[in-house]
Amino acid sequence: MPVRLHKSRYSEPGSAAKLRQKLEHEGYSVFVWSDSEGAVYDDHSHRHDEYIVVASGAIVFKIASLRYLLEAGDALELPANTVHAAVNENHGPVSYFICTRA
């Protein structure tokens, strides 16, 4: 399964709580995460698929030589074992959901 970016998939107006409810209704287990400006995550991978959905702010994910800017409402599908990094490049605070399926 390839990495996929879905721009503005969840951009309808509403609160983060409503977005979380929608993701849970779609069958995801949802973990809330937030980072301050300048946060950095070096290359790593996970044994499970992840679905990242940005609730507010922006963050850059780096996969191989590609950069994916995720802004509020965007979603990124990360297949299991995909090596990736992330950085909040001075976009202010960012809040996002890390989603998995059982």
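Does Glu71 count as buried, partly exposed or exposed, and at what relative accessibility? At 37% relative accessibility, Glu71 counts as partly exposed, where buried means under 20% relative accessible area, exposed over 50% and partly exposed in between, computed with a 1.4 Å probe on protein chains only. The structure is a predicted model, in which local features need pLDDT of at least 70 and side-chain atom pairs count only at pLDDT 80 or more, whereas totals for chains, interfaces and linings use all residues. Residues are numbered from 1 along each chain as its sequence is written, and side-chain values use heavy atoms, with hydrogens and water left out.

Salt bridges were assigned where a side-chain nitrogen of Lys or Arg lies within 4 Å of a carboxyl oxygen of Asp or Glu, and by this rule the count comes to 5. Glu71 forms one of them with Lys7, with 3.5 Å between the closest N and O atoms. This pair links distant parts of the chain, 64 residues apart, since Glu71 belongs to strand 6 (residues 66-71) and Lys7 to the loop between strand 1 (4-6) and helix 1 (16-25); helices (H or I, at least four residues) and strands (E, at least two) are DSSP runs numbered from the N terminus. Lys7 is likewise classed as partly exposed, because its relative accessibility is 44%. A further salt bridge connects Glu89 with Arg67, the closest N and O atoms being 2.9 Å apart. Glu89 lies in the loop between strand 8 (84-87) and strand 9 (94-100) and Arg67 in strand 6, so that this pair ties together parts 22 residues apart in sequence. Through shared partners, salt bridges join Lys7, Glu71 and Asp74 into one network. Within helix 1, Arg20 forms a salt bridge with Glu24, at 3.1 Å between the closest N and O atoms, and these residues are 4 positions apart, about one turn of the helix.

Strand pairing, which requires that DSSP finds at least two bridges between two strands, also involves strand 6. Strand 5 (residues 58-63) and strand 6 run antiparallel over 6 bridges, with Ala58 opposite Glu71. The two strands form a hairpin with 2 residues between them, and Ala64 in the turn has a positive phi of about 55 degrees. Strand 9 is joined to strand 2 (residues 29-35) by 7 bridges in the antiparallel sense, and to strand 4 (residues 50-56) by 5 bridges, again antiparallel. Tyr96 of strand 9 stands opposite Trp33 and is also the bridge partner of Val54. Because 5 of its 7 residues are buried, strand 9 is largely enclosed by the rest of the structure.

Aromatic pairs were defined for rings of Phe, Tyr and Trp (its six-membered ring) with centres within 6.5 Å, planes under 30 degrees apart counting as stacked, over 60 as edge-to-face and the rest as tilted. A search of the whole structure finds 3 such pairs. The rings of Tyr10 and Tyr51 are edge-to-face, because their planes stand at 75 degrees, with the centres 6.3 Å apart. Tyr10, in the loop between strand 1 and helix 1, is 41 residues apart from Tyr51 in strand 4, and both residues are buried. Tyr28 and Tyr51 form a stacked pair, with 4.9 Å from centre to centre and 5 degrees between the planes. Tyr10, Tyr28 and Tyr51 form one aromatic cluster.
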